[in-house]
Amino acid sequence: MRKYLAIPVAVIALAFAAAPAGAKTDKDCSDFSSWKQAQRFYERHGGPNKDPHRLDADHDGIACESLR
Ligand SMILES: [Ca+2]
């Protein structure tokens, strides 16, 4: 019985350990105090080709239009 419980417990523990790190690294437009800052961050993290933080929803190369 103990053997069968160990695996789900480990999986749940890993999921909880990974969640805060993932949340911290995902930036939103509201995390920046200015558009310039957001745009610089966006370009440094791959620009329109990658946009891992989804700062450029319409993929026109301009991040966070809402901050301009
Ligand atoms: Ca855009």
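Biologist: Before we start, what are the ground rules?

Modeller: Because the model is predicted, local features need pLDDT of at least 70 and side-chain atom pairs count only at pLDDT 80 or more, while totals for chains, interfaces and linings use all residues. Numbering runs from 1 along each chain as its sequence is written.

Biologist: Thanks! Why is isoleucine 62 called partly exposed?

Modeller: A residue is buried if 20 or more other C-beta atoms, placed from the backbone, lie within 10 Å of its own, exposed if 12 or fewer, and partly exposed in between. Isoleucine 62 has 15 such neighbours inside 10 Å, so it counts as partly exposed. Its place is in the segment after α2.

Biologist: What puts the buried residues of α2 on the same side?

Modeller: In helix α2 (residues 35–44), the buried ones are Ala38, Gln39 and Tyr42. They cover an arc of only 95° around the axis, so they share the same side of α2; the arc is taken from the directions from the helix axis to the C-beta atoms. Lys36 and Arg44 are exposed on the other side. Helices here are DSSP runs of H or I with at least four residues, strands are E runs of at least two, and both are numbered from the N terminus.

Biologist: And what makes up the largest nonpolar core?

Modeller: Ala38, Tyr42, Leu55, Ala63 and Cys64 form it. Such a core is a set of buried Ala, Val, Leu, Ile, Met, Phe, Trp, Tyr and Cys residues joined through C-beta atoms within 7 Å.
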